[in-house]
Amino acid sequence: MGTSAEAATEADWKTRADWFQHSLRKCFFNEKTGIMNQWFPKEYNRPGDNFYYWWHAHVLDVLVDAYERTGDPAIVVQIREYSSCLRANNGGTFLHNYYDDMEWTALALLRAYQATGEEEYKTAVLELWADIQTAWNDHFGGGMAWKKDQLDYKNTPANAPAAILAARLYGLRRNPEDLEWAVRIYEWNQTHLVDPDTGRVWDGINRLGDGRIDYDWEFTYCQGVFLGAGAELFRVTGEQKYAGDALLTARSCIKRLCHPETLLLPDEGIDDTGLFKGILIRYFVLLEKQLPGAVSIREIILANADALWTKGLDHPMGLCGPSWEHKPVLPVQLSVQLSGLMLLEGAAVI
């Protein structure tokens with residue numbers, strides 16, 4: 001199954017994504033907690049380790065990917081059980097100190113609702129959305145705070161996903177207030193954390209309380225969520241401005257972050273950053289669906305997926321590392337595995 005990206009068929013990529021979905025569950029699922037372990041092998045999980053709540057929103061997201069791709073009713077049960085166990089492991093609630101974590105959970109649950117029609121997900125999303133709105137405050141002229149105990153730190157990870165969520169809610173229920181929120185959040189993010197000439201997206205402002213923008217923090221993730229917000233706003237409004245913004249950021253991202261010859265995305269390490277490339281891929285796919293062929297997204301996704309499949313995967317173990325062209329070294333984190341899975345699911349869609 002080591003064919004080139006061009007020779008591999010749609011069926012090949014679907015089979016590969018399916019295999020890697022099973023690998024995720026085989027390597028990481030914890031029967032006792034009902035959610036994924038954060039490390040493989042399981043012996044590397046230690047009591048008192050930081051609980052990365054937002055990673056598990058992306059577990060739900062990839063389960064929805066699998067359900068949308070296969071229609072397998074067993075996955076509906078997995079989504080239901082995983083969301084219930086995630087709530088239990090988070091203290092019996094989906095609410096959290098970090099606004100961006102809640103946004104990712106809301107986005108995943110909204111997709112679960114749209115895929116399955118189960119009302120409990122919509123109820124949870126609206127509870128989260130009401131709490132997320134409390135992130136908006138007047139520090140730096142508005143914008144969504146990153147977390148509840150640091151309200152004067154504003155960043156793209158707390159704003160762009162919130163704009164995506166608000167736009168999707170508007171698409172679902174046509175409440176004008178949702179669209180107002182989406183536009184307001186998007187415009188703040190663009191005004192304060194996007195280079196108007198290049199579309200490059202910066203991470204945040206005032207992280208250290210000094211009013212400075214983190215110009216040197218350039219992550220795939222920030223580019224992905226901002227262009228994703230543009231794509232969603234274009235979808236629900238039809239306004240070409242948003243399409244233009246998304247394409248500008250996409251082109252800038254490709255130019256700055258993809259290798260000029262191989263088109264491969266960079267190794268961004270482990271922990272939270274291990275998830276970043278997969279999130280970029282998810283929103284690249286969204287943009288490609290909105291504006292097919294406008295940017296070389298298909299070529300980039302297939303080049304990265306082929307590198308992962310032929311070079312970066314440990315096939316006997318069913319694991320990947322933070323580099324998509326080098327085999328993983330144990331232990332492997334859940335965040336990193338999820339990024340690789342999002343890449344293969346993206347290739348299956350593209």
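In what order do the strands of the open sheet stand, and is the pairing parallel or antiparallel? I read the order as S2-S3-S4, 3 strands with antiparallel pairing. Strands here are DSSP runs of E, at least two residues, and helices are runs of H or I, at least four residues, both numbered from the N terminus. Two strands pair if DSSP finds at least two bridges between them.

**Ground rules.** I am working on a predicted model, where local features need pLDDT of at least 70, side-chain atom pairs count only at pLDDT 80 or more, and totals for chains, interfaces and linings use all residues. Residues are numbered from 1 along each chain as its sequence is written, and side-chain values use heavy atoms, with hydrogens and water left out.

Strand S3 (residues 150-155) pairs with S4 over 2 bridges, in the antiparallel sense. I traced one of these positions: Asn-155 has Gly-204 in S4 as its bridge partner.

**Helix H1.** I checked its span. H1 has 19 residues and reaches 27 Å from first C-alpha to last, close to the 27 Å expected at 1.5 Å a residue. The expected span is 1.5 Å times one less than the number of residues.

Which residues of H1 are buried? I list Trp-13, Arg-16, Ala-17, Phe-20, Gln-21, Ser-23, Leu-24, Cys-27 and Phe-28. They sit on the same side of H1, because they cover an arc of only 160 degrees around the axis. The arc is taken from the directions from the helix axis to the C-beta atoms. Buried means under 20% relative accessible area, exposed over 50%, partly exposed in between (1.4 Å probe, protein chains only). An α-helix has 3.6 residues a turn, so residues three or four places apart point the same way. His-22 and Lys-26, on the other side of H1, are exposed. The cover over the buried residues includes strand S1 (39-40), H2, helix H11 (297-312), strand S5 (332-333) and helix H12 (334-349).

**Salt bridges.** How many salt bridges does a search of the whole structure find? I get 18. The criterion is a side-chain nitrogen of Lys or Arg within 4 Å of a carboxyl oxygen of Asp or Glu.

I started from H1. Asp-18 bridges to Arg-69, with the closest N and O atoms 3.4 Å apart. Asp-18 lies in helix H1 (residues 10-28) and Arg-69 in helix H2 (residues 53-70), so the pair ties together parts 51 residues apart in sequence. Asp-18 is partly exposed, at 30% relative accessibility.

Then I moved to Arg-111. Its side chain meets Asp-61 in a salt bridge of 2.7 Å, N to O. Asp-61 is in helix H2 and Arg-111 in helix H4 (residues 99-116), 50 residues apart. Both are buried: Asp-61 at 2%, Arg-111 at 13%. Arg-111 also meets Glu-68, at 3.0 Å, N to O. Glu-68 is in H2, so this pair ties together parts 43 residues apart in sequence. Glu-68 is exposed, at 51%. Shared partners join Asp-61, Asp-65, Glu-68, Arg-111 and Arg-282 into one salt-bridge network.

**Cys-253.** Is Cys-253 buried or exposed? Cys-253 is buried, with a relative accessible area of 1%. Leaving aside neighbours within four places in sequence, Cys-253 is in contact (heavy atoms within 4.5 Å) with Gln-223, Cys-258, Leu-280 and Phe-284.
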